[in-house]
Amino acid sequence: MVTAGALLATVSGCHRSPAPDVMATVNGKDILRADLEKYYKSSLGDNPQEPSAEQANIVRLNILRQMIEDEILQQRAAKLNLVSSDEDVNAKLTEMKTPLTQEEFDKQLEARNLTVDDLKRDLRRQLTKTKLLNKEIESKINITDSEIGGYYAAHKAEFNLIEPQYHLAQIAVTSLPAAQAGNLQNNKASGDADAKKKITALHSKLEAGEDFGAVAMNFSENNNNASNGGDMGFVAESALHSDADAFNAISKLKQGQITDVLPVYAEGQGRRVIGYAIYKLISREAAGQRELNDPRVQQVIRQGLREGHAQLLRTAFLEMLHNEARVHNYFADEILKQGAQ
């Protein structure tokens with residue numbers, strides 16, 4: 001006969017505590033403390049101000065949640081044979097290194113506390129995630145002409161421009177500290193002198209014929225638009241008047257041209273310079289109603305509807321994968337246990 005004590009011992013033996021370096025598990029796969037700490041230190045960049053212990057652990061918890069989500073997606077991709085190849089990874093690595101000297105590349109790896117092997121691992125996971133979402137989400141979205149027409153009919157006033165609009169792209173560099181640079185190279189200026197030097201070098205790259213979008217994705221420090229090549233969308237002329245220097249420079253541009261380096265000022269604090277920017281004029285739109293038969297109107301609506309559908313489907317897809325996964329966040333357990341003491 002099995003005693004109650006023996007039964008309890010058997011059950012407790014099935015749920016032994018993990019090794020001290022295990023922060024979480026996803027379907028039995030360990031996420032290790034060393035990897036969490038590497039991403040945590042990378043997130044700090046060159047910010048000289050050390051966060052408090054509580055703030056540091058909040059950042060760690062957020063990063064760990066992202067790592068858990070990523071591991072769930074990686075395991076799904078592996079089941080579907082969608083893991084990116086060495087050729088994919090090496091091609092992406094070459095693309096990243098192209099605008100840099102070897103010395104610059106090595107310095108950026110050092111600043112992010114990464115080795116080349118670390119970077120290759122991260123690239124493989126990023127490319128694999130993209131392949132998975134393309135197959136499971138993007139490939140299944142079809143925006144019909146009927147949907148576009150329906151959206152236009154319901155939002156026609158949005159396409160009636162009451163003033164001229166400027167479609168702009170931007171490369172920005174700031175002297176202010178930031179937790180993340182917001183660009184592919186994780187490249188961040190440190191101080192005003194470094195910001196001036198960096199933006200001048202980027203302007204030289206553009207003058208030499210390098211692609212504006214590629215330079216923005218790799219080096220711009222504007223978290224809001226660096227990832228999409230610096231595209232700011234359409235900016236109303238009245239909004240540009242808030243910065244006379246920028247308006248004067250942009251209003252003189254022809255389509256496809258770029259400005260010289262311009263100062264960026266802090267809002268509501270006089271004329272304190274906090275960074276520098278370069279703008280590209282993609283197009284200029286006169287005031288007036290845009291009709292549905294305008295290809296640009298259709299493209300804007302199609303892209304907006306597609307992004308909305310994709311966001312909804314990605315959220316539902318990830319929740320579905322979470323429901324199927326066995327996840328345990330031991331670091332969260334540890335935080336709660338410390339708080340209860």
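Two or more lining residues come from each of strand 2 (29-32), helix 2 (33-44), helix 3, helix 4 (86-97), helix 6 (116-136) and helix 12 (295-324). The model is predicted, with an average pLDDT of 87 for the protein.

**Largest pocket**
- The space in the largest pocket amounts to about 1800 Å³.
- Helix 6 gives the most to the lining, with 11 residues.
- Sorted by class, the lining holds 17 nonpolar, 16 charged and 13 polar residues.

**Ile63**
- Ile63 belongs to helix 3, which spans residues 53-79.
- Ile63 counts as buried because its relative accessible area is 10%, under the 20% cut-off.
- Leaving aside residues up to four places away in sequence, Ile63 touches Leu36, Tyr39, Tyr40 and Ser43.
- Between Ile63 and Ser204 there are 36 Å in space, C-alpha to C-alpha, and the two are 141 residues apart in sequence.

**His203**
- His203 is part of helix 8, residues 192-207.
- With a relative accessible area of 10%, His203 is buried.
- Its contacts, not counting residues up to four places away in sequence, are Ile258, Thr259, Asp260, Val261 and Ile278.

**Confidence**
- A pLDDT of at least 70 is reached by 91% of the residues.
- Over residues 1-14 pLDDT stays under 50, and the model has 1 contact beyond four places in sequence for them.
- Where pLDDT is low, the predicted coordinates should not be read in detail.

Technical notes:
Residues numbered from 1 in each chain as written. Predicted model: local features only at pLDDT ≥ 70, side-chain atom pairs only at ≥ 80, totals over all residues. Heavy atoms only, no water. pLDDT = per-residue confidence, 0-100. Contact = heavy atoms within 4.5 Å. Helix = DSSP H or I, 4+ residues; strand = E, 2+ residues; numbered from the N terminus. Buried < 20%, exposed > 50% of the residue type's maximum accessible area, 1.4 Å probe, protein only. 1 Å grid on protein atoms, 1.4 Å probe; cavity = no way out; pocket = protein on both sides within 12 Å on 5 of 7 lines; lining within 4 Å. Points joined across faces, edges and corners; volume = space filled by probe spheres on them. Nonpolar A, V, L, I, M, F, W, Y, C, P; charged D, E, K, R; others polar.
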